[in-house]
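Dear colleague,

Please look through it first; my notes come after it.

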Amino acid sequence: MTDTVSPIDRRRLLQGALLGGAGVLAGCATGRGGSVLMFSNVQASGGAPAVGGGFAPIRASEDRLFDITVCLRPFRAAGPRIETEQVGDTLVVHNYGHGGSGWSLSWGSGTFAVRMAMANSPAEVAVLGCGALGLTSAILAQRAGAKVTIYARDLLPDTRSSRATGTWTPDSRIALVDQAAPGFAERWEEMARISYKTYRSYLGLPGTPVEWQDRYYLSDTAPGSARGERGEPGALTFAEYGDRVRDINPEPVLLAAGSTPFPAKYVRRFSSMTFNIADYGHTLMTDFLLAGGRVERREFHAPSELATLRQKVVINCPGYAARALWNDESIVPVRGQIGWLIPQPEVTYGVVFDGVNVVPRRDGIVLQMLEGGDMRGYGDDNETPDRAEALEAVKRVAAMYARFGKPAA
């Protein structure tokens with residue numbers, strides 16, 4: 001039986017699992033008063049015993065919390081800045097401001113930027129930044145025939161991009177409905193489709209840099225009856241473009257009552273891509289270096305410094321750092337925190353329950369608080385980890401597993 005899902009519900013359904021981007025924290029989950037869960041299927045491979053249907057429990061406890069990371073997503077109300085600017089005799093192609101959609105849109109956004117950069121067929125191109133947008137832009141410039149050098153203060157493991165949730169969220173905080181640039185919806189669709197198609201080439205590679213996961217969205221309310229926290233006083237209206245790519249996103253399916261071990265009245269299954277950023281980033285860097293790319297550690301403090309580079313075409317991908325470097329106050333920080341549980345190879349499903357998002361990756365099980373929806377962390381540039389928040393997430397997930405395998409109340 002196929003479930004009919006409204007555009008708003010579908011985005012919340014998908015983003016509950018994805019949330020990201022530089023990833024994420026979308027408005028899928030309800031507040032603590034609601035009861036929402038989400039899972040994906042798992043192939044048990046040792047470790048904790050499976051519970052009905054091959055679903056292994058996540059061992060959520062304080063002693064398994066091995067790290068807490070914080071990122072700042074660079075949100076622009078008009079959408080990403082992908083345009084050219086002349087700095088002295090250097091052509092600068094900007095490619096930043098993707099909110100929670102950096103990883104998801106990186107190949108499409110990079111394609112647009114490289115088209116501009118290669119308009120006059122330069123032999124060499126510089127890329128500023130080594131995060132999601134920087135690495136993909138650099139590889140695309142190589143494929144277009146240029147010799148490429150990446151200039152960056154930090155390599156990928158130390159960038160904000162590495163702290164993203166790592167899920168397919170192409171319209172997560174990508175723009176505001178009333179401020180998106182004219183024609184942006186069409187541009188977004190092209191970027192999303194290019195990225196989606198490119199990710200197919202990373203499926204099935206050693207290390208599983210990109211993989212599909214079945215996810216199960218559980219709710220105690222009938223599909224279409226809940227609207228999360230949208231519409232609260234002061235909340236902004238973020239653009240939602242999911243309907244434009246419905247043909248490449250598998251439709252959710254409403255499952256028969258009692259056919260799963262999850263304690264909820266309604267269970268919907270859908271599929272989504274996950275980026276295992278440690279493996280995926282290593283794959284990108286290896287591809288770049290094997291193709292002759294160079295990386296130079298360097299920090300820039302003013303746009304004028306770009307004119308001192310040997311390369312006279314620069315693709316500018318600094319992420320949130322663009323706010324200071326280019327004095328671009330259109331960039332708004334959106335704080336996102338992740339608590340990391342020790343990975344469990346037998347667990348490959350995500351959970352959203354009681355205001356917490358859980359995403360299993362090869363390098364750890366990601367826990368994020370969701371309360372506040374898209375407005376959570378908006379305007380907050382504090383990058384100090386909040387251990388109390390992380391422990392609260394662990395506590396709620398542990399409480400959910402106390403009900404795991406039991407019938408819905």
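This is a predicted model: local features need pLDDT of at least 70, side-chain atom pairs count only at pLDDT 80 or more; totals for chains, interfaces and linings use all residues.

Residues are numbered from 1 along each chain as its sequence is written, and side-chain values use heavy atoms, with hydrogens and water left out. Helices (H or I, at least four residues) and strands (E, at least two) are DSSP runs, numbered from the N terminus.

Helix α3

Helix α3 covers residues 132-143, and its 12 residues reach 17 Å from the first C-alpha to the last, close to the expected 16 Å (1.5 Å times one less than the number of residues). How much of α3 is buried? The count is 11 of its 12 residues, so α3 is largely enclosed by the rest of the structure; buried means under 20% relative accessible area, exposed over 50% and partly exposed in between, with a 1.4 Å probe and protein chains only. Among the buried residues are Leu133, Ile139 and Leu140. Their cover includes α2 (102-117), β5 (124-128), β6 (147-152), α5 (277-290) and β11 (313-316). After α3 comes Gly145, with a positive phi near 110 degrees.

The axes of α2 and α3 come within 8 Å and cross at roughly 40 degrees; axes are lines fitted to C-alpha atoms, for helices over the stretch in contact, and angles run from 0 to 180 degrees between N-to-C directions. The two helices, α2 and α3, are therefore oblique to each other, since angles under 35 degrees count as roughly parallel, over 145 as roughly antiparallel, 65 to 115 as roughly perpendicular and the rest as oblique. Residues making the contact include Trp103 and Trp107 of α2 and Leu133 and Leu140 of α3, where contact means heavy atoms within 4.5 Å.

The five-stranded sheet

Another open sheet has five strands, ordered β2-β12-β15-β14-β13, with antiparallel pairing. Its edge strands are β2 (65-76) and β13 (351-353), each of which pairs on one side only. β2 is mostly covered, with 10 of its 12 residues buried. Antiparallel strands β2 and β12 are joined by 11 bridges, and Pro74 stands opposite Pro333 in β12. Three bridges link β12 (residues 331-341) with β15 (residues 364-369), also in the antiparallel sense; here Gly339 stands opposite Leu367 in β15. Helix α7 (residues 387-401) lies across β2, β12, β13, β14 (356-361) and β15, at about 105 degrees to β15.

Glu190

Glu190 belongs to helix α4 (residues 184-199). At 34% relative accessibility, Glu190 counts as partly exposed. Its contacts, leaving aside neighbours within four places in sequence, are Phe112 and Arg115. Glu190 and Phe112 are 78 residues apart along the chain, and their C-alpha atoms are separated by 9.5 Å.

With kind regards

Technical notes:
Two strands pair if DSSP finds at least two bridges between them.
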